[in-house]
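The sequence and the structure are shown first.

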Amino acid sequence: MENAVQEIVAKQVLTVAKAVEDKLDEEIHALDRLDLDDLEVLRERRLQQMKKMAEKRNRWLSLGHGEYSEIQAEKDFFSVVKASDRVVCHFYRENWPCKVMDKHLSILAKQHIETRFVKINAEKAPYLAEKLRIVVLPTLALIKNAKVDNYLVGFDELGGTDEFSTEELEERLAKADVIIFEGESSKFLSKSKAHSKKSVRQSSNPDSSDSE
């Protein structure tokens, strides 16, 4: 399972890297009259950008990006949000709607390694829940530069149903600028758009309500 996650993360990084490389290649072709020294400068610039991307990737992975993990202790929340520029934190309880959200966030964590995806049990984090005014569960706290910038409360912004797609959640997070949206490239794991629209309900059974 770990190898599969690493492979998925590696493929996503390569997809983004290729997009950067293709853009630079277009610049090179457009400037075909430049001399060899100028072309060498452009190639060096491309290599430096690729190097910086690799460094970012390694740093993200070292911080736990690329996987969906749980914050066990309330105090650890602060160190997590300070370490990463972009964090999606799912305040949850043991109910069906939160499990639906878990499934989608697990997918997006692998696709968007630029963002840290975590969850915390709201009932075990009373200080945070009160401070951030968490009432309805699930609630996603969308955090940028160590500050809560936006919230996604329940499923109201996702069609008011638990049958929303991962792509719909992805687009909502992109609007909040908490993930870098790469369009179709971020959906490479889906066999087709029709397949991605299938509800996660098909793999599980409901067991609770969607609020406290």
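## Overall architecture

The structure is a predicted model. The protein chain contains seven helices and five strands, and its elements follow the order α-α-β-α-β-α-β-α-β-β-α-α from the N terminus.

Of the 212 residues in the protein chain, 42% count as buried. Among contacts in the protein chain between residues at least 6 apart in sequence, 74% join residues at least 24 apart.

In soluble globular proteins, nonpolar side chains tend to be buried together. The largest nonpolar core here comprises 21 residues, of which Val88, Met101, Leu105, Phe117, Leu140, Leu169 and Leu173 touch the most other members. Two or more residues are contributed to this core by each of α4 (96-111), β4 (139-144) and α6 (166-175). The largest share, six residues, is supplied by α4. Another core, of 20 residues, lies apart from it and includes Val87, Val118, Ala122 and Leu132.

The surroundings of valine 88 can be listed in detail. When neighbours within four places in sequence are left aside, valine 88 is in contact with Leu105, Thr115, Arg116, Phe117, Val118, Leu140, Ala141, Leu142, Leu173 and Val178.

## Packing of α4 against α6

Two packed helices are described by the angle between their axes and the distance between the axes. The axes of α4 and α6 come within 10 Å and cross at roughly 65 degrees. Because of this angle, α4 is roughly perpendicular to α6. The crossing of α4 past α6 is right-handed.

On the α4 side, the contact is formed by Met101, His104, Leu105, Ile107, Leu108 and Gln111, and on the α6 side by Thr166, Leu169, Glu170 and Leu173. Classified by residue type, the contact of α4 with α6 has six nonpolar, three polar and one charged residues.

## Local backbone features

The peptide bond from leucine 137 to proline 138 is cis, with omega near 5 degrees. Proline 138 belongs to the loop between α5 (126-131) and β4.

Two non-glycine residues with positive phi are also to be noted: asparagine 145, with phi near 55 degrees, and alanine 146, with phi near 70 degrees. Asparagine 145 is placed in the loop between β4 and β5 (147-153), and alanine 146 likewise lies in the loop between β4 and β5. Asparagine 145 has 58% relative accessibility and therefore counts as exposed. Alanine 146, at 39% relative accessibility, counts as partly exposed.

Technical notes:
Residues are numbered from 1 along each chain as its sequence is written. This is a predicted model: local features need pLDDT of at least 70, side-chain atom pairs count only at pLDDT 80 or more; totals for chains, interfaces and linings use all residues. Side-chain values use heavy atoms; hydrogens and water are left out. A nonpolar core is a set of buried Ala, Val, Leu, Ile, Met, Phe, Trp, Tyr and Cys residues joined through side-chain atoms within 4.5 Å. Buried means under 20% relative accessible area, exposed over 50%, partly exposed in between (1.4 Å probe, protein chains only). Helices (H or I, at least four residues) and strands (E, at least two) are DSSP runs, numbered from the N terminus. Contact means heavy atoms within 4.5 Å. Axes are lines fitted to C-alpha atoms, for helices over the stretch in contact, and angles run from 0 to 180 degrees between N-to-C directions. Angles under 35 degrees count as roughly parallel, over 145 as roughly antiparallel, 65 to 115 as roughly perpendicular and the rest as oblique. A crossing is left-handed if the near helix is turned anticlockwise from the far one by less than a right angle, and right-handed if clockwise. Ala, Val, Leu, Ile, Met, Phe, Trp, Tyr, Cys and Pro count as nonpolar, Asp, Glu, Lys and Arg as charged, and the others, Gly among them, as polar.
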